Amino acid sequence: MYNGIINVYKEAGFTSHDVVAKLRGICKMKKIGHTGTLDPEAVGVLPVCFGSGTKLCDLLTDWDKEYVAMLRLGMTTDTQDMTGQVLSQCDPAQMAALTPEQVRETISDFQGSYDQIPPMYSALKVNGKKLYELARAGKEVERSPRTVRIVEIAILAMNLPIVKMRVVCSKGTYIRTLCHDIGGRLGCGGVMESLTRSRVGIFGIEDALTLAELERLRDEDKISDVIISPDTIFEEYPAVIVNEQGGRMVQNGNQLGAAQIARIVRQNQPVQVCGSVLHKQQGQAVAFTDLAEGEQVRVYDGDGKFYGIYVCRGMAGVLKPVKMFLG
């Protein structure tokens with residue numbers, strides 16, 4: 001059984017759920033979850049969590065994401081991308097009058113927060129029904145706008161009517177809808193022609209693995225080599241190394257006091273778990289003066305096994321469990 005995260009490259013033609021189903025077969029385990037839906041025709045980074053790592057799904061879904069999108073101006077479709085039915089096409093004379101400067105100015109105006117109406121062809125639910133199910137039945141329902149945040153938006157190339165953009169955005173942003181909204185503001189319409197998700201938090205496309213590559217690693221018994229440990233997500237937190245008594249307590253998810261701590265290591269110091277050093281320090285009380293109330297820490301035993309995230313509470317310096325990652 002695997003515990004952690006794999007940076008998967010989702011290929012076109014697969015849904016995010018398809019990827020999870022394939023990985024259940026490849027890795028022979030059921031406890032697998034993805035961290036944010038990608039449209040079937042979109043490609044790119046899809047972090048997938050395994051075993052105890054599935055506790056990270058909600059956290060990873062909340063991370064900012066980076067995309068490279070191709071925007072085609074001059075038309076609209078019911079899906080807001082090229083897979084849908086064409087609803088309108090801009091007059092050729094109006095398109096010919098559109099200048100690169102107008103496009104640049106309009107696109108730059110979308111940086112920051114704006115209210116976005118989710119598309120009908122999406123997995124959001126209204127009264128228990130997914131919007132895309134209603135859309136396929138020919139029904140359209142009112143959707144409340146949601147505030148999304150465009151952290152960065154930059155034009156990478158422009159050859160009108162095609163614009164290649166890089167977008168960094170918050171959770172819940174639909175790039176299809178962003179393309180639609182840009183086209184609407186320009187008065188000519190716009191659709192998303194293609195989409196690549198190039199980053200989710202710390203996971204970049206350059207390190208993502210295809211399903212075929214993961215099958216090969218499975219056959220070579222090397223899947224473990226590409227599993228990213230859950231503690232990688234929290235590497236900015238201080239590391240707390242427990243002594244023998246503390247090791248017994250964290251195994252049961254109990255809170256910790258100073259008597260159970262061998263040492264505390266800050267981010268700017270390397271975490272080197274050395275049995276001999278820990279042995280000398282066992283039994284020595286370590287003050288919590290280095291930790292602030294509410295500060296979260298990573299907890300390890302003397303062998304370097306990661307147990308979970310704890311939070312410092314109270315004047316007495318008690319560490320209480322927040323999220324455990326016992327495999």
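Helices (H or I, at least four residues) and strands (E, at least two) are DSSP runs, numbered from the N terminus. The exercises below concern a predicted model, in which local features need pLDDT of at least 70, side-chain atom pairs count only at pLDDT 80 or more, and totals for chains, interfaces and linings use all residues. Residues are numbered from 1 along each chain as its sequence is written, and side-chain values use heavy atoms, with hydrogens and water left out.

**Exercise 1. The chain as a whole**

State how many helices and strands the chain has, and what share of its residues is buried.

Solution. 
1. The chain contains nine helices and 18 strands.
2. Buried means under 20% relative accessible area, exposed over 50%, and partly exposed in between (1.4 Å probe, protein chains only). Of the 327 residues in the chain, 46% are buried.
3. The C-alpha atoms, taken along the principal axes, fill a box of roughly 80 × 45 × 40 Å.
4. A contact is defined by heavy atoms within 4.5 Å. Among contacts between residues at least 6 apart in sequence, 66% join residues at least 24 apart.

**Exercise 2. The largest pocket**

Describe the volume of the largest pocket, the residues closest to its centre and the classes of its lining.

Solution. 
1. The search uses a 1 Å grid over the protein atoms alone: a cavity is a set of points where a 1.4 Å probe fits but cannot get out, whereas a pocket is an open set with protein on both sides within 12 Å along at least five of seven lines; lining residues have an atom within 4 Å of a point. Grid points are joined across faces, edges and corners, and a volume is the space filled by probe spheres set on the points.
2. The largest pocket has a volume of about 1,300 Å³. It is lined by 42 residues, of which Thr37, Leu38, Asp39, Ala123 and Tyr174 are the closest to its centre.
3. Elements that each supply at least two lining residues include helix 1 (16–27), strand 4 (65–73) and helix 6 (175–186). Strand 12 gives the largest share, five residues.
4. Ala, Val, Leu, Ile, Met, Phe, Trp, Tyr, Cys and Pro count as nonpolar, Asp, Glu, Lys and Arg as charged, and the others, Gly among them, as polar.

**Exercise 3. The neighbours of strand 12**

Identify the direction in which strand 12 runs relative to strand 3, strand 4 and strand 13.

Solution. 
1. Two strands pair if DSSP finds at least two bridges between them.
2. Strand 3 (residues 43–50) runs parallel to strand 12, joined by two bridges; Gly44 stands opposite Arg197.
3. Strand 4 runs antiparallel to strand 12, with nine bridges. Here Tyr67 stands opposite Arg197.
4. Strand 13 (residues 203–204) is also antiparallel to strand 12, through two bridges, and Val200 faces Phe203.
5. The hairpin of strand 12 and strand 13 has two residues between the strands, and Gly201 takes a positive phi near 60°.

**Exercise 4. The buried side of helix 4**

Determine which residues of helix 4 are buried and why they line one face of the helix.

Solution. 
1. In helix 4 (residues 100–108), the buried residues are Val103, Thr106 and Ile107.
2. Because they fall within an arc of 95° seen down the axis, these residues line one face of helix 4. The arc is that of the directions from the helix axis to the C-beta atoms.
3. An α-helix has 3.6 residues a turn, so residues three or four places apart point the same way.
4. The face turned away from the buried side carries the exposed residues Glu101 and Glu105.
5. The buried residues of helix 4 pack against strand 4, strand 10 (146–159), strand 11 (162–169) and helix 6.
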